[in-house]
Amino acid sequence: MDGKGHRQGLQKVKSNQSSSSKLAGRVRAPIVLVTGANRGIGFEICRQLAARGAEVILTARSKDAGNTAASKLAAQKVIVHFHPLDVSSRKSIAELRDFLKRTYGRLDVLINNAGVIAKNDSRALNVDMDTVRVTLEVNAFGPFHLAQALVPLLQASKHPRIVNVSSGMGAFLEMESDYAAYRLSKTALNAITVMLASELRGRIAVNAACPGWVKTDMGGRERRA
Ligand SMILES: NC(=O)c1ccc[n+]([C@@H]2O[C@H](COP(=O)([O-])OP(=O)(O)OC[C@H]3O[C@@H](n4cnc5c(N)ncnc54)[C@H](OP(=O)(O)O)[C@@H]3O)[C@@H](O)[C@H]2O)c1
């Protein structure tokens, strides 16, 4: 969907909103970017925020999956803008940054949601080091790099915020040795969150959140032991 069509669509949705949703009209709609949003938690974040009047940029590494997700929401009269983003690709991050700069000139909220658990993730003594590298690349370095790239645009916002979707599995207090690559990546993400929060204190709010167990492709149908 192009920028103009998107804005027209958004107006339609806004005019359908109940009076409890006061984002539209009174204040300019927050521009929210969500990574890994073609399915699972990211998709639902997009749906709920766009339905409340935010200007949502749904990103996904697959163009087809991203467009399908945006169309699914449009069928529910929830309008989002799709833009491709592979969080492990420098080129893809640079293209997204340029798109945001050109189209909006600012960003209000960055939600680093994209994440992976590799099928062969395993206990610490057995986990394949390539699995560790790939998992860190997506779950930790992706959000880190995105923050670096997008902070200049977030600084143009009145109420800028970065939310990193983390996991209790990365917390020292809950640390065990299964899913070693995933756990390490989320511990690293927590550390990155604290560093950025410290560096950006008073300018950009930076938090990490654990959604708890959610029935998605990653979460599975049964809670992990
Ligand atoms: N579900 C839970 O119980 C649970 C619990 C705690 C924390 N979390 C966290 O919540 C977040 C969302 O999880 P979920 O349950 O919604 O998982 P999910 O259903 O498996 O969705 C993961 C999303 O991340 C995307 N992704 C993977 N690699 C990517 C990359 N390189 N670039 C861009 N996108 C990429 C996937 O895209 P593709 O479709 O292209 O693979 C997909 O859209 C993750 O950070 C996860 O660690 C989940």
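**Notes on the predicted model**

1. Let's start with strand S4, which covers residues 109–112 and holds Asn 112. Keep in mind throughout that this is a predicted model. Asn 112 has a relative accessibility of 2%, so it counts as buried.

2. Another asparagine worth a click is Asn 139, which belongs to helix H6, residues 129–154. Is Asn 139 buried or exposed? Its relative accessible area comes out at 0%, and the cut-off for buried is under 20%, so Asn 139 is buried. What does its side chain touch? A polar atom of the Asn 139 side chain lies 2.9 Å from the backbone nitrogen of Val 116. The Asn 139 side chain also has a polar contact with the side chain of Ser 185, at 3.1 Å. If you want to check these in a viewer, display the backbone for Val 116 and the side chain for Ser 185.

3. The largest pocket has a volume of about 1300 Å³. It is lined by 44 residues, and those closest to the centre are Ile 117, Tyr 182, Thr 216, Met 218 and Gly 219. Which helices supply at least two residues each to this lining? Helix H3 (40–51) and helix H7 (180–199) both do. By class, the lining splits into 18 nonpolar, 13 polar and 13 charged residues.

4. The second largest pocket has a volume of about 250 Å³. Ten residues line it, and nearest its centre you'll find Arg 28, Pro 30, Asp 108, Lys 158 and His 159. Its lining is made up of four nonpolar, two polar and four charged residues.

5. Next, the aromatics. How many aromatic pairs turn up in a search of the whole structure? One. The partners are Phe 99 and Tyr 104, with ring centres 6.1 Å apart and planes at 85°; angles over 60 degrees count as edge-to-face, so that is the label for this pair. Phe 99 and Tyr 104 are both buried.

6. Now for some backbone angles. Lys 77 has a phi near 65°, which is positive in a residue other than glycine. Where does Lys 77 lie? You'll find it in the loop that runs between helix H4 (63–75) and strand S3 (81–84). Lys 77 has a relative accessible area of 58%, and exposed means over 50%, so Lys 77 is exposed.

7. Tyr 179 is another non-glycine residue with a positive phi, at about 45°. Tyr 179 sits in the loop between strand S5 (161–165) and H7. Its relative accessibility is 24%, so Tyr 179 counts as partly exposed. H7 itself has come up already, as one of the helices that contribute to the lining of the largest pocket.

Key: Residues numbered from 1 in each chain as written. Predicted model: local features only at pLDDT ≥ 70, side-chain atom pairs only at ≥ 80, totals over all residues. Heavy atoms only, no water. 1 Å grid on protein atoms, 1.4 Å probe; cavity = no way out; pocket = protein on both sides within 12 Å on 5 of 7 lines; lining within 4 Å. Points joined across faces, edges and corners; volume = space filled by probe spheres on them. Helix = DSSP H or I, 4+ residues; strand = E, 2+ residues; numbered from the N terminus. Nonpolar A, V, L, I, M, F, W, Y, C, P; charged D, E, K, R; others polar. Phe/Tyr/Trp six-rings, centres within 6.5 Å; stacked < 30°, edge-to-face > 60°. Buried < 20%, exposed > 50% of the residue type's maximum accessible area, 1.4 Å probe, protein only. Polar contact = N/O pair within 3.5 Å; in protein donor to acceptor, adjacent residues only side chain to side chain.
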